[in-house]
Amino acid sequence: LLTDHGGVRAIFWLGLVLAVAGGALAARWVLETPRGPRQRIDVPGGVLLVIGVALPLIGVSRANVIGWSNVQTIGLIVVGAVTLVGWAALELRMPTPLLDVRLLANPMARMTNLAAVCIGWAMFGLFILTPELANGRLGLDATSAGLLLAPGALAMLVAGPVATAVGRRVGDRVPLCVGSLVAGVGLVCLAVAHAHVAVVVAFTV
């Protein structure tokens, strides 16, 4: 809606307004936490983490335009991955790391974070590629393309509390595995069949 009536820049202006409003509300209403011993901020770790995450995301988001086999796309993803490896090595040597990667030695924490990364990448691809599909293949405008994702977002609002309730009864592994399987099947079906709006909506839900 913003893109169709206000241009792409309107999205970023709205984001700026919301960010400023959120900061003002946080400064006014969020309580100050008790201060502990002063610790050094892990600036190098933060910089490497931002670079390592941003580069692959940029590569994936531009892949439909310049091609998945393009040197720039592959280079961004590879450099980002190498940067993340360097970031992990740096965090192991920092006295106050931004993220203690030693926690990944715990099998439960390692598999939980791995599942979160995989699901996050899948969701990122869905949110990026579905509007591209709607604009390029289905000929929809930006507003209609955004509305294609609305049913899926509403389904997540319902599925979240249901998964929580199921997890309390039978453990978290069951909803995680079932949800991942359902999402994976939907994404595979969407990759194969995406010629009609109803099909795209059904598989994104």
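Q: How many salt bridges does the structure hold?
A: The structure holds one, where a salt bridge is a side-chain nitrogen of Lys or Arg within 4 Å of a carboxyl oxygen of Asp or Glu. This is a predicted model, where local features need pLDDT of at least 70, side-chain atom pairs count only at pLDDT 80 or more, and totals for chains, interfaces and linings use all residues. Residues are numbered from 1 along each chain as its sequence is written, and side-chain values use heavy atoms, with hydrogens and water left out.

Q: Which side chains meet in that salt bridge?
A: Arg 102 and Asp 100, at 3.5 Å, N to O.

Q: OK, what about Glu 91, how far is the nearest side chain of opposite charge?
A: That's Arg 102, 8.5 Å away. Glu 91 is buried and has no salt bridge.

Q: Then what lies 2.8 Å from a polar atom of the Glu 91 side chain?
A: The backbone nitrogen of Leu 98.

Q: And which residues is Glu 91 in contact with, leaving aside neighbours within four places in sequence?
A: Among them are Asp 42, Gly 45, Pro 97, Leu 98 and Arg 102; contact means heavy atoms within 4.5 Å.

Conventions:
Buried means under 20% relative accessible area, exposed over 50%, partly exposed in between (1.4 Å probe, protein chains only). Lys and Arg count as positive and Asp and Glu as negative; His and the chain ends are not counted. A polar contact is a pair of N or O atoms within 3.5 Å; within protein, one must be able to donate a hydrogen and the other to accept it, and residues adjacent in sequence count only if both atoms are side-chain atoms.
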